[in-house]
Amino acid sequence: MSLENLGIFIDGQVMADANLATIDVINPATARPIKRLIRGQAAEVDAAVQSARKTFETKAWRRMPTAQRGQILLKISEAIRANEEHLATLESTDVGKPIAQARNDVRTTARYFEYYGGMVDKVLGTTIPVRWGALDMTLREPYGVSAQIIPWNYPLSMGARGIAPALAAGNCVVAKPAEDASLSLVELARIAHAAGLPAGAFNVVTGYGQEAGAALVRHPLVSHVTFTGSVATGSAIMKMAAETIKPVSLELGGKSPNIVFADADLAAAAAQIARVIVLNSGQTCNTCSRLLVDKSIHDTLLEQVLTKFDQVRMGDPLGGADMGPVISAKQKKAIEGFLATAEQDGATMTRHGHPPEDSNLRDGFFVRPTVLNNVRPQHRVFREEIFGPVLAVSSFSDEAEAVTLANDSDYGLNAGIFTKDVERAIRLAHEIQAGQIYVNGFGTGGSVEVPFGGMKKSGFNREKGIEGFLNYTQTKSVTFHFKTE
Ligand code: ADP
C-alpha cells in the first residue's frame with residue numbers, strides 16, 4: 001500500500017509536490033510507517049519565508065486593526081476546540097502519547113490562541129518624560145518573519161506557545177516541526193487559515209533539522225528564531241543566528257529535581273513524582289527526572305513511588321493506556337544506553353509497569369518506567385537528560401545538601417519542593433537556580449499565563465504569559481521635539 005504524502009503549508013495552501021523527496025512517518029506504538037513527510041530543502045524554506053515576508057509587508061496582518069487581528073486568533077482558538085478529537089488523534093498516533101494527554105495538549109493549544117488573541121490590543125507603549133521641549137514615546141513593533149523550530153514531544157502545544165504570540169504581535173511565521181512528529185502542525189496551519197488567517201502569515205515546512213531547519217535559521221529574511229530542543233542543537237542554532245545577528249529564544253530541556261523533605265505529605269508527593277515522569281513517557285522538558293529525598297524518609301517514599309509505577313499500564317496510545325511508547329527506535333536505544341551506564345556506575349535499577357500485551361504493539365518503542373536508586377552526582381544519569389520514563393534517586397542529610405545537589409547541574413529549568421515548612425519553601429525558591437519552582441505540586445496546571453524558560457544551559461528568554469508576547473516585539477523609541485518659546 002502506498003503511503004499518502006503530508007504536504008507542506010506555504011502561502012495559505014498545502015503543497016504536495018510529488019517530485020520532492022520524502023521521509024517516512026513511523027507510528028511509535030507499532031513501528032510501522034503511516035504517512036510520508038516532504039523532505040523540505042532550502043528552496044521550500046525560501047518559498048515559505050518569501051511568502052511570510054510578503055504578507056508582513058502588506059496590510060494583511062501587521063497593519064490590520066488590532067481588534068480584528070485578535071478576533072482572528074480567537075476564531076483559530078475556537079476552530080482548534082472544534083477539531084479537538086481530530087488533532088488529538090493525529091498527535092497521539094504521531095508522538096505515541098495517550099489520547100487523554102493529547103486532548104489536553106489540544107486544549108492548551110487553543111488556550112494559547114485565545115490568550116494571545118486577547119492580548120493583541122492590550123500591550124501598551126510608554127511615554128517618557130525627557131525634558132521640556134521634547135516628548136518621547138515607545139512603540140512595540142514586530143520583528144518580521146519569526147522562525148519556529150519545534151521539537152517532537154509536544155508539537156502542537158509547544159508550536160502554539162511560540163506561533164500564537166508571534167502572530168499576535170504582528171509577525172508572520174515559518175515553522176519547522178521535528179521530522180519525528182509533524183502531522184499536527186501542518187493540520188494546525190490548515191485550520192488557522194480556514195479560520196481567517198491571511199495566506200502567508202503562518203507557513204510550515206517539514207524536513208530534517210540540518211536541511212530545512214538550518215536553511216530557515218540562516219535565511220536572511222528571517223528576523224527572529226525560537227528553538228526548543230537539545231543543548232547541542234540550540235548551540236548550533238545560536239552560532240548560525242549569530243552570522244546574521246538574529247535574536248534567539250532557546251528552551252533546551254533540563255535535569256530537574258523534585259526535593260522531598262521529611263515533613264512533606266508523602267502520599268501526595270509520591271503521586272506527583274510518579275505521574276510526572278510517566279507523562280508523555282518521560283519526554284517532557286520540565287519533567288522532574290531527579291528525586292532528591294531526605295534520607296530519613298527515603299524508603300517510605302520510594303515504596304509509595306514504586307507502587308504507583310507498578311500500576312502503570314503501557315499500551316495503545318489511542319486505547320486508554322497510561323503510558324505509550326517513546327518517540328523512536330533511536331530514542332529507545334539512547335535510554336537503554338543510559339540504563340546500562342547507570343548500572344555500571346553502581347546505581348540499583350528496578351523496572352516497573354505492565355508492558356503491552358497486544359501483539360500488534362510487539363515492535364513498538366516501549367520503555368518500562370524505571371527507577372535508578374543510589375544515584376550520585378558523578379553518575380551520568382544524575383547529570384544528563386535521559387528523556388524517558390526514568391527516575392534517578394539520590395538522598396540528602398539536610399537542607400544545605402539538598403540545595404547543593406539541586407544546583408549541581410548544568411541545567412536550570414525547574415524544580416519541585418515538597419515540604420510543609422513555608423519558610424523553607426521560600427528560602428529554597430530563592431536559592432535554587434531554575435526558571436520555575438513548583439511547591440507541593442507539579443507545574444502550573446498547564447496554564448499559558450505563567451512565564452516559562454530556563455537558566456544556565458536550559459536556555460534563555462521566556463515563553464508564555466505577557467513576557468512571551470513581549471519576546472516577539474522590539475521596542476522603538478520616538479522623540480518629538482517642540483519649540484518652547
Ligand atoms: P532531537 O535530537 O531530540 O531530535 P533536536 O534538538 O536535534 O532534538 O531537534 C529539535 C528540533 O530542531 C527539530 O525540529 C529538529 O529537526 C531541529 N534541528 C535539528 N538540528 C538542527 C539544525 N542544525 N538546524 C536547525 N534545526 C535543527
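In the predicted model, L139 stands opposite K476 of β23. Here strands (E, at least two residues) and helices (H or I, at least four residues) are DSSP runs numbered from the N terminus. Strand β7 (residues 134-142) and strand β23 (residues 473-481) pair in the antiparallel sense over nine bridges; two strands count as paired if DSSP finds at least two bridges between them. Residues are numbered from 1 along each chain as its sequence is written, and side-chain values use heavy atoms, with hydrogens and water left out. Local features need pLDDT of at least 70 and side-chain atom pairs count only at pLDDT 80 or more, while totals for chains, interfaces and linings use all residues.

Strand β7 also pairs with strand β6 (residues 127-131), in the antiparallel sense and over three bridges. The bridge partner of R131 in β7 is A134. Two residues lie between the strands of this hairpin, where G133 takes a positive phi near 110 degrees.

An open sheet of three strands, with mixed pairing, runs in the order β1-β5-β4. Strands β1 (5-6) and β4 (22-27) stand at its edges with a single partner strand each, so one side of each is left without a neighbour in the sheet. The pairing of β1 with β5 (residues 32-38) is parallel and covers two bridges. Within this pairing, L6 has L37 of β5 as its bridge partner.

Pockets were located on a 1 Å grid over the protein atoms alone; a pocket is an open set of points with protein on both sides within 12 Å along at least five of seven lines, and its lining residues have an atom within 4 Å of a point. Grid points are joined across faces, edges and corners, and a volume is the space filled by probe spheres set on the points.

The largest pocket has a volume of about 1,100 Å³. It is lined by 38 residues, of which W152, F227, G229, S230 and T233 are the closest to its centre. At least two lining residues come from each of α7 (209-218), β11 (222-228), α8 (231-243) and α11 (329-345), and α8 gives the most, with six. The lining holds 21 nonpolar, 11 polar and six charged residues, where Ala, Val, Leu, Ile, Met, Phe, Trp, Tyr, Cys and Pro count as nonpolar, Asp, Glu, Lys and Arg as charged, and the others, Gly among them, as polar. Domain 1 (5-252 + 461-477) and domain 2 (257-447) both contribute to this lining, so the largest pocket lies between them; the domain bounds come from an automatic or database domain assignment.

The second largest pocket has a volume of about 710 Å³. Among its 28 lining residues, T108, Y154, L279, G445 and G446 are the closest to its centre. Two or more lining residues come from each of α4 (99-119), α5 (155-168) and β20 (436-439), and α4 gives the most, with six. This lining divides into 10 nonpolar, 12 polar and six charged residues. The second largest pocket also takes lining residues from both domain 1 and domain 2, so it lies between them.

In helix α14 (residues 422-431), the buried residues are R424, A425 and L428; buried means under 20% relative accessible area, exposed over 50%, with a 1.4 Å probe and protein chains only. Seen down the axis of α14, these buried residues fall within an arc of 100 degrees, so they line one face of the helix. The arc is that of the directions from the helix axis to the C-beta atoms. Exposed residues V422, E423 and H430 are carried on the face of α14 turned away from its buried side.

Technical notes:
On a 1 Å grid over the protein atoms alone, a cavity is a set of points where a 1.4 Å probe fits but cannot get out, and a pocket is an open set with protein on both sides within 12 Å along at least five of seven lines; lining residues have an atom within 4 Å of a point.
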